[in-house]
Amino acid sequence: MGMALLLIHTDRFAEHQTPPGHPERPERAEVMDVVADRCRVRGAEIVAPRAATREQLLRVHESDYLRRISETTGRAVKLDPDTYTSPESHEIALLAAGAAVDAVERVMSGSPHAALALARPPGHHAERDRAMGFCLFNNIAVAAAHARANGIAKVAIVDYDVHHGNGTQHLFESDPSVLYVSTHQFPYYPGTGAAGEVGLGAGRGFTVNLPLEVGAVDEDYQTVFSAVVLPVLRQFKPGLVLVSAGFDAHERDPLGGMRLSTGAFAAMTMDLRTVAEECCDGRIALITEGGYDLHALAASLEAVADMLNGPVDPTSWPVSGIASDRGSAAVKATTRALAPFWRF
Ligand SMILES: [Zn+2]
C-alpha cells in the first residue's frame, strides 16, 4: 500500500502586507487552493492547521523574540529589509509553525507516514531571536525540536530550497542529534552555507553544506544527492526525515538562478522517501519554504505529492543534457570538509 498524504494548509491565510512586486503576493493562496484540491481528489487528507504553542516555539526561539512578534498583532511592521508583517501575520506564523508540528505528530503516529505541510510564511531563515528573509518562526526547526522532545533520537533535515537555511543551521549546529543537509546556490543570499561550515563542538560533522554555483541543472543535483546526501543520511540513520521543501531552484523561478526541472523535485523527494523507508518506516514530512513562480510551484508541489502518495519506485532523475560540473565541484568541496566524519 502506498503512503497516505497529508496537506496542512496555511497558505490561504498568508496574505502578508507586501509592496508591489513582492514575491510573497496574495495570488499564491489561490494557487495553493488548486494544489490542495487536486491532492484531495487523489486521496490526500486535508487538515486545517492548529497554532503552535508557546512551549513548542520556545524550544528554538527566545521568549523576548516571541513577545516582539506577538506585539506586531494588528499592525504592519517592517522587521527586516525583506520581512514585513500584516495585522494577521503573528496568527498566520503560529499556524505555519503549528502545521509543521502537526505534520510531525501525524507521521510519528504512524498513519499516514508521509506529510506535506503547505506553510506560509516560510521558516528556514528565521534565527533564534530574529526574523529574516520572509521568515518569522523557523517552522522546520520547531518541527525537529518537537520530534526530539517526543522521543525521536535522531532527526535529519534536508533543505533543497535555493537559499541556505541559515536559521536552521545555527539552531542545530552544536547538536549531533539533528543532522542538517542543505543544497543551495552559493555565493548567494543569505551568505552562509560554505562547505567548510560543518557544525560546532559535539555537532561537528552534522552540518552538511553543498554549495552550488549559479546555473546548476538536474544532473548537478543528482550528483550531489547520490554522492553526499544519500550516503550521509544512510550512515546517520534518522528516526524521522524532515524536508525544507523550497521550489525556488526551479528554472522558472524569478529569484533563484538554478535550472531545475519540475521532475528534479519529484526525483529528490523519491530519493529522500526511499531513505526514509530504509531508516525509519518511511516517516517523512515536507514543510514548504520558498518558490516564487506560481506555475512552477504548483507543478512541483503536485509532482512531489505524487511521489509521497504513490508506491516507492526506483528514482528516475530527469535528463537536461546540459553539461555542467557544478555538482561535482560541490561534491569535491563538501567531501573534503566532511571526510573526518562520513564515508563517501
Ligand atoms: Zn528560498
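First, the ground rules. Residues are numbered from 1 along each chain as its sequence is written, and side-chain values use heavy atoms, with hydrogens and water left out. Because the model is predicted, local features need a pLDDT of at least 70 and side-chain atom pairs count only at pLDDT 80 or more, while totals for chains, interfaces and linings use all residues.

On confidence: pLDDT is the predictor's confidence in each residue, from 0 to 100. The protein has a mean pLDDT of 92, and 94% of its residues reach 70 or more. Over residues 13-17 the value is below 50, and this stretch has 17 contacts in the model beyond near neighbours in sequence. Contact here means heavy atoms within 4.5 Å.

Now the metal. Which residues hold the zinc ion? Asp-161 is listed with two OD entries, His-163 gives ND1 and Asp-248 gives OD, at 2.0 to 2.7 Å. Donors are N, O and S atoms within 2.8 Å of the metal, or 3.2 Å for Na, K and Ca; water is not among the atoms, so sites may look incomplete. Along the chain the donors follow the spacing D-x1-H-x84-D.

The angles among the four donor atoms run from 53 to 153°, and the site is irregular. For four donors, tetrahedral would need all angles between 85 and 135 degrees; four count as square planar and six as octahedral if opposite donors are over 155 degrees apart and all others between 65 and 115, and anything else is irregular.

Asp-161 is buried at a relative accessible area of 1%, and His-163 is buried at 8%. Buried means under 20% relative accessible area, exposed over 50%, and partly exposed in between, with a 1.4 Å probe and protein chains only.

Next, the cores. A nonpolar core is a set of buried Ala, Val, Leu, Ile, Met, Phe, Trp, Tyr and Cys residues joined through side-chain atoms within 4.5 Å. The largest has 59 residues, and those with the most contacts inside it include Tyr-160, Leu-233, Leu-272 and Ile-284. Helix H7, residues 218-236, supplies the largest share of this core, nine residues. Helices (H or I, at least four residues) and strands (E, at least two) are DSSP runs, numbered from the N terminus. A second, separate core of 43 residues includes Ile-152, Val-155, Ile-157 and Leu-240.

On to helix H5. Is H5 mostly covered or mostly open? It is mostly covered, with nine of its eleven residues buried. Those buried residues pack against elements including helix H4 (89-108), strand E6 (155-159) and strand E9 (240-245). After H5 comes Gly-151, with a positive phi near 100°.

His-146 sits in H5 and counts as buried at 4% relative accessibility. Apart from neighbours within four places in sequence, its contacts are Gln-56, Arg-59, Val-101, Val-104 and Glu-105. With Glu-105 there is a side-chain polar contact of 2.8 Å. A polar contact is a pair of N or O atoms within 3.5 Å; within protein, one must be able to donate a hydrogen and the other to accept it, and residues adjacent in sequence count only if both atoms are side-chain atoms.

Thr-288 is in strand E10, residues 284-288, and is buried at 5%. A polar atom of the Thr-288 side chain lies 2.9 Å from the backbone nitrogen of Ala-119. Among the residues Thr-288 touches are Leu-116, Pro-122, Phe-247 and Leu-301.

Last, some backbone details. Most residues other than glycine have a negative phi, and most peptide bonds are trans. Where are the cis bonds described here? One runs from Phe-186 to Pro-187, with omega near -5°, and another from Tyr-189 to Pro-190, with omega near 5°. Pro-187 is in the loop between strand E7 (178-185) and strand E8 (207-212), and Pro-190 is in the loop between E7 and E8 as well.

Phe-134 is not a glycine, yet has a positive phi of about 70°. Asp-281 has a positive phi of about 55° and is in the loop between helix H8 (262-280) and E10.
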